[in-house]
Amino acid sequence: MQAVPGTRPGPRFVPPSGLGWLVLVLMMGMLWRPAAAAETPSFEQALSGLATSNFKEKERAVGDVIAVRHANTRVVLNALLEGNLYYRKSDRRVFIGTAQDANLQLQDPVTLSPAGTTEPSEYSKITTNNQLRKTLKSALASFDLADADPQVRLAAVSEMLRSLDADGVSILRAREGTEPDEAVREAIRTGLAIADLDGEDAAIRLAAVEHLKGSLNPEVFNRLTAIVTPTDAGSYAEPDEKVRSAARVALASIERWRSLFGTLETLFFGMSLGSVLVLSAIGLAITFGVMGVINMAHGELMMLGAYTTYVVQLLMPQHIGASVLVAIPVAFVVAGGVGVAIERGIVRFLYGRPLETLLATFGVSLVLQQLVRDIFTANNRPVETPQWMAGSLQVNEALSITYNRLYVVLFMVIVFVILQLVLKRTSLGLKVRAVAQNRAMAKSMGVRTEWVDALTFGLGSGIAGVAGVALSQLTNVGPNLGQSYIIDSFMVVVFGGVGNLWGTLIGGMSLGVVNQVLEPYAGAVLAKILVLIALILFIQRRPRGLFPQKGRAAEG
Amino acid sequence: MRISQNPGTALIAGDRGTQLFLALLLTVGVAAPIMHLAFPEDSALHLSTYTMTLLGKYMTYALLAIAVDLVWGYCGILSLGHAAFFALGGYAMGMYLMRQIGTRGVYGDPVLPDFMVFLNWKALPWFWHGFDLFWFTAAMIILVPGLLALAFGWLAFRSRVTGVYLSIITQALTYALMLAFFRNDMGFGGNNGLTDFKEILGADINAPATRVALFVASAMALGLGYLCCRYLVLSRAGRVVQAIRDAESRTRFIGYRVETYKLWVFAFSAVLAGIAGALYVPQVGIINPSEFQPINSIEVVIWVAVGGRGTLYGAVAGALIVNYAKTYFTAAIPELWLYALGAMFVIVTLFLPGGVVGLADRFSLRRRDARTVTA
């Protein structure tokens with residue numbers, strides 16, 4: 001087996017550390033490398049050092065593996081930490097192995113490609129003890145601290161802060177001076193200040209508390225709380241009263257910030273929930289609000305949009321990232337087409353009889369549900385989340401915003417703006433509004449009302465399909481997807497005021513925020529019930545919603 | 001149709017559908033228990049316990065359908081939440097039956113039902129007190145749905161919430177109740193509901209005689225409920241109610257208190273639904289929050305629509321037809337049931353505004369016309 005390119009040494013920094021052997025190896029690696037690159041063992045050679053039962057030798061081998069700085073170092077050492085590293089008894093070659101039934105599934109540590117499945121008897125697990133595990137953890141931490149990517153370094157520091165020991169402190173202290181990135185340096189200083197809280201000198205402890213005043217790190221909060229909380233005997237772990245009062249001041253300021261960011265987070269969650277509500281209600285606002293038609297199949301049209309996303313992903317498995325974007329127009333066409341079919345086939349015979357329309361479209365919703373169940377089975381379908389929607393935006397240590405929620409808010413705004421433009425700036429929109437205001441008059445002016453009806457219904461249904469694409473990224477895609485949103489959507493439309501898209505926007509957003517604000521006090525289900533009851537009471541007060549239509553249109 | 005001067009005779013004599021319904025109900029109500037008890041099991045005339053219970057269940061559904069027909073067919077209020085009143089009556093009965101279990105539960109606690117012991121509750125919640133007494137339970141079966149309907153209707157009708165808005169908030173009502181009853185800490189058994197009943201009024205709930213008694217009670221409730229509704233719609237107040245359905249504003253301008261009429265009809269209908277639910281629970285042996293599902297209420301509306309609304313006996317016919325179809329389909333070809341139900345919604349609203357009864361009327365009318373021509 002040849003050494004793969006990644007085995008060549010090529011790090012930019014190697015952290016000096018105070019870890020006995022490890023440090024020595026690292027220092028030597030750093031000193032020797034320019035002159036004697038050839039003498040550095042290859043990754044494979046370094047690995048073979050692990051194939052021993054002597055823990056001292058294993059520790060030395062770990063140091064060697066670190067020094068090579070191979071791309072797979074992290075994977076291999078993690079496998080060792082989790083007890084998934086084996087060596088073949090015959091030739092002492094090291095493999096990553098996972099036990100599967102009675103067999104061992106092997107993976108080559110250098111290429112990470114599968115290396116077959118074999119009898120476990122020919123292999124021996126590379127065991128670890130406490131000392132070695134400790135070394136490994138620190139080694140992994142300092143390995144990450146030397147990474148070229150500041151994000152990785154920041155994550156490594158945060159990880160270390162969670163369980164900081166003397167070794168960790170010395171690694172951090174060494175790193176502080178050489179760290180080029182400001183954010184990482186700040187995190188390291190926080191870590192050192194936490195360590196200083198245990199210092200012998202009261203002045204150092206006081207300075208540390210002062211330093212930690214603005215930090216939002218949860219570990220800082222825990223430590224400071226421990227300082228000001230008396231033990232059972234009534235004494236304090238921290239002997240100096242000055243330090244304690246400084247800690248109290250620091251805690252108060254931290255708590256203020258935390259509650260501020262907590263409120264911001266709740267608001268944001270509420271807005272994203274509200275956006276989902278607006279997305280699902282806005283199509284309804286068109287069919288119900290503009291046309292006066294109750295479309296109980298609206299939820300099922302959203303479900304069709306979600307399933308469309310799933311099918312699009314099946315058709316282009318190589319481009320999951322783009323699939324969601326492709327699904328948006330496709331879902332619009334699919335749901336819009338079904339909507340036009342419903343209008344032409346059923347709804348147009350029932351204009352002026354809203355209760356009958358409600359029942360007939362409910363029948364359609366049952367048929368659509370069963371259709372989906374027959375085609376895709378009753379189980380939920382897995383819709384993948386594209387890479388660019390995963391993860392979260394870390395604003396600071398107390399506030400992080402997941403991307404999918406952020407995109408839902410953005411998406412809702414875009415859909416809303418486009419819809420407003422269509423209704424206010426296009427000739428179709430003009431006709432739609434004309435028919436909504438006075439059907440007979442519009443007809444006498446030459447508007448083909450039948451055609452406008454079909455297109456309006458199609459537009460509302462298409463929007464439902466687009467909302468379904470967004471929902472496919474947030475909830476389970478199953479035959480019952482629509483049912484769970486239909487009542488909420490109606491509530492939003494009724495709350496906001498029929499025939500008014502702005503009302504739908506404000507109604508949906510406020511319902512979302514209120515729901516999220518109530519949730520911590522009342523629990524998710526109770527919050528929903530409270531909102532529903534409040535809405536029922538609200539409709540009694542203002543039967544035509546927040547923004548009722550004025551003038552003749554309101555009399556219909 | 002001419003209304004007879006004496007409401008007592010008009011109640012039955014004025015209407016062929018009513019006569020037919022009462023005759024059929026009497027026949028089934030008498031024949032079914034006899035066929036169940038008097039004939040041995042291998043006899044061709046024997047009626048199995050299953051069929052008997054199924055018929056009893058249909059009767060309670062029919063009562064619920066009458067309740068919906070009263071508000072929808074005669075008053076124009078499309079309630080999409082009537083299953084909530086049905087379920088509330090059912091829960092009241094279920095609580096009584098739970099209290100009757102006593103020490104025979106899995107945990108053997110003399111007071112607390114099993115699920116409370118399981119949730120580690122120490123004492124009975126206040127709203128469970130009194131449900132060990134049958135008269136109290138009977139009062140609650142009437143009061144809880146009735147008062148809820150009064151409160152809800154008072155709020156809704158006073159602010160003139162009508163049409164689809166009313167339908168949607170009734171749906172929200174049953175949805176909110178469903179969410180609430182799914183919660184374990186509400187004290188109604190959460191997800192699993194109330195089940196595993198042992199006895200009712202001291203009689204073993206699974207004994208054939210008890211089954212027969214429950215069946216007869218359901219048949220009587222259906223008959224009495226029908227006659228009450230029929231009396232109501234034939235009365236002066238009933239005609240005002242129908243006027244509200246046809247022209248609400250005009251009725252108000254003439255000087256009638258539209259809200260009051262609507263409110264009492266709605267509350268009476270809710271009480272009927274509650275009684276139906278209370279009779280339903282001991283026969284099926286379980287009540288759980290899924291009874292509150294919005295789709296259940298909408299299904300009741302489709303029974304009425306299929307049968308033909310505004311006739312009362314049409315509602316009964318619809319309840320029987322749709323439920324028999326459901327029983328048959330869900331056993332034979334379950335995947336087709338939702339298609340059939342969905343198609344029923346569409347076909348009835350598009351082509352059969354008068355339901356099956358309307359179709360039969362049209363048919364017999366044509367035949368009568370043909371006869372007059374030949375005569």
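This is a predicted model: local features need pLDDT of at least 70, side-chain atom pairs count only at pLDDT 80 or more; totals for chains, interfaces and linings use all residues.
Figure 1. Buried residues account for 42% of the 375 residues in chain B.

**Figure 2. The interface between chain A and chain B.** On the side of chain A, 33 residues are in contact with 36 residues of chain B. Three helices of chain A each supply at least two residues of the side that touches chain B, namely helix 14 (354–376), helix 19 (483–496) and helix 21 (524–541). Helix 14 of chain A gives the most to this side, with 14 residues. Classified by residue type, the side of chain A that touches chain B has 25 nonpolar, four polar and four charged residues.

**Figure 3. The five-stranded open sheet of chain A.** The strands of this sheet follow the order 4-3-2-1-5, and their pairing is antiparallel. Strand 4 and strand 5 (123–125) of chain A stand at the edges with a single partner strand each, so one side of each is left without a neighbour in the sheet. Direction ignored, neighbouring strands of the sheet are turned by 40° against each other on average.

**Figure 4. Pairing of strand 1 of chain A with strand 2 and strand 5 of chain A.** Strand 1 (residues 85–88) of chain A pairs with strand 5 of chain A in the antiparallel sense over three bridges. Within this pairing, R88(A) has Y123(A) in strand 5 as its bridge partner. Strand 1 of chain A also pairs with strand 2 of chain A, again in the antiparallel sense and over three bridges. Here Y87(A) stands opposite V94(A) in strand 2 of chain A. Strand 1 and strand 2 of chain A form a hairpin with five residues between them, and R92(A) in the turn has a positive phi of about 60°.

**Figure 5. The hairpin of strand 2 and strand 3 of chain A.** Five bridges join strand 2 (residues 94–100) of chain A to strand 3 (residues 103–107) of chain A in the antiparallel sense. I96(A) stands opposite Q107(A) in strand 3, and Q100(A) has N103(A) in strand 3 as its bridge partner. Two residues lie between the strands of this hairpin, and D101(A) in the turn has a positive phi of about 50°.

**Figure 6. The hairpin of strand 3 and strand 4 of chain A.** Strand 3 of chain A and strand 4 (residues 114–118) of chain A run antiparallel and are joined by three bridges. Q107(A) has P114(A) in strand 4 of chain A as its bridge partner; Q107(A) is also the residue opposite I96(A). Six residues lie between the two strands of this hairpin, where L112(A) takes a positive phi near 65°.

**Figure 7. The crossing of helix 15 and helix 16 of chain A.** The axes of helix 15 (residues 403–425) and helix 16 (residues 427–437) of chain A come within 5 Å and cross at roughly 75°. Because this angle falls in the range of 65 to 115 degrees, the two helices of chain A are roughly perpendicular to each other. From helix 15 of chain A, the contact involves V422(A), L423(A), K424(A) and R425(A), which meet L428(A), G429(A), V432(A) and R433(A) in helix 16 of chain A. The residues of this contact divide into four nonpolar, one polar and three charged.

**Figure 8. The surroundings of E384(A).** E384(A) lies in the loop between helix 14 and strand 6 (392–396) of chain A. With 17 C-beta neighbours inside 10 Å, E384(A) counts as partly exposed. Apart from its neighbours within four places in sequence, E384(A) is in contact with Q313(A) and I320(A). E384(A) and R88(A) are 296 residues apart in sequence, and their C-alpha atoms are 39 Å apart in space.

How values were computed: Residues are numbered from 1 along each chain as its sequence is written. Chains are lettered from A and ligands numbered from 1 in the order in which they are written. Two residues are in contact if their C-beta atoms, placed from the backbone, lie within 7 Å. Helices (H or I, at least four residues) and strands (E, at least two) are DSSP runs, numbered from the N terminus. Ala, Val, Leu, Ile, Met, Phe, Trp, Tyr, Cys and Pro count as nonpolar, Asp, Glu, Lys and Arg as charged, and the others, Gly among them, as polar. Two strands pair if DSSP finds at least two bridges between them. Axes are lines fitted to C-alpha atoms, for helices over the stretch in contact, and angles run from 0 to 180 degrees between N-to-C directions. Angles under 35 degrees count as roughly parallel, over 145 as roughly antiparallel, 65 to 115 as roughly perpendicular and the rest as oblique. A residue is buried if 20 or more other C-beta atoms lie within 10 Å of its own, exposed if 12 or fewer, and partly exposed in between; C-beta atoms are placed from the backbone.
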